[in-house]
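Please walk me through this protein model, from its salt bridges and metal site to its surface, with the cut-offs behind each term spelled out.

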Amino acid sequence: MMIRLLVFGMLLQVLGGNSQADDTFTCTAGGEGSFPKPSCYDPVCTSAIVSHIQHEFDAAFKYMYMGAKFGQYTTARPGITKFLLESASEERSHAIQMLDYLNTRGITYTKPYNFSQRSVWRIANDGVTIENALKEAIEMEIDVTNRIKEVVKTCGNDFHAADVFTNPILDEQHNGLRKLQGALRTLQVMKATPINAAGRAMAEYFFDLKLLSGEV
Ligand SMILES: [Fe+2]
């Protein structure tokens, strides 16, 4: 008798647990029996994704602006220009990847994406230098990476969304950060040996050529 009660209690716990998990998901968007309708999703998770997409556009705009600055004839650094404009396209493609993911799940969204102040590159006193641009990019990527980790955490109940945001998205983010940190280190090593400003400027010029040829 005791064992039967125990088994019954465990069964109730399991059923109770399931109904709690089901409460997390919206399965009836569009109304019962409507067609087409999305597969069940966690609205808290999807709204975190919808909000995060703005940060990808912010990053794309900032890279685009920085790239354009280095492309001006007053600066003329084709290597970093190419690198930054490619990064801008990559960020834009991340935003598209996330919008496409929402579409995959059948989730409609109404949030408009705008130009935000986060996209502005506040140039340091020593001006438009490759070192400043790389430092700015690293800071921005660390911020975006942390925000993606928050999305993964928020999507803990929605395994597919958490999975997509972990790999490929978080994986690409960590690789991008590694590339930026490595590039900055290489530049700093190249600039460390010359003893005067002219030598350091020459080191930055050669670093830019390395970026252009894809060696960094
Ligand atoms: Fe990104």
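**Salt bridges, metal site and surface**

Arg147 forms a salt bridge with Asp143, and their closest N and O atoms are 3.0 Å apart; a salt bridge here is a side-chain nitrogen of Lys or Arg within 4 Å of a carboxyl oxygen of Asp or Glu. This is a predicted model, in which local features need pLDDT of at least 70 and side-chain atom pairs count only at pLDDT 80 or more, while totals for chains, interfaces and linings use all residues. Residues are numbered from 1 along each chain as its sequence is written, and side-chain values use heavy atoms, with hydrogens and water left out.

Because Arg147 and Asp143 are four residues apart in helix H4, about one helical turn separates them; helices (H or I, at least four residues) and strands (E, at least two) are DSSP runs, numbered from the N terminus. Arg147 is partly exposed, with a relative accessible area of 31%, and Asp143 is partly exposed at 33%, where buried means under 20% relative accessible area, exposed over 50%, and partly exposed in between (1.4 Å probe, protein chains only). Helix H4 also holds Lys153 and Glu150, three residues apart and so separated by about one helical turn, whose side chains meet in a salt bridge at 3.3 Å, N to O. Of these two, Lys153 is exposed, with a relative accessible area of 61%, whereas Glu150 counts as partly exposed at 44%.

The structure holds 10 salt bridges. Another one of them joins Lys191 to Glu131, with the closest N and O atoms 2.8 Å apart. Lys191 lies in helix H5 and Glu131 in helix H4, so this pair ties together parts that are 60 residues apart in sequence. Both Lys191 and Glu131 are buried, and they belong to a network of salt bridges that links Glu131, Lys135, Lys191 and Glu204.

Turning to the metal site, the iron ion is coordinated by Glu56 (OE), Glu91 (OE) and His94 (ND1), at 2.1 to 2.2 Å. Donors are N, O and S atoms within 2.8 Å of the metal (3.2 Å for Na, K and Ca), and because water is not among the atoms, sites may look incomplete. Along the sequence, the donor residues are spaced E-x34-E-x2-H. Glu91 and His94 both lie in helix H3 (residues 78–104), three residues apart, about one turn of the helix, and both are buried.

Ser116 is placed in the loop between H3 and helix H4 (130–154), and Ser116 counts as buried because its relative accessibility is 14%. Apart from its neighbours within four places in sequence, Ser116 is in contact with Gln54 and Asp58, contact meaning heavy atoms within 4.5 Å.

The protein as a whole has six helices and zero strands, and 37% of its 216 residues count as buried. Among the contacts with a separation of 6 or more, 72% are between residues 24 or more positions apart. Ala192 lies in helix H5 (residues 159–192) and counts as exposed, at 58% relative accessibility. Phe206 is found in helix H6 (residues 197–213) and is partly exposed, with a relative accessible area of 45%.
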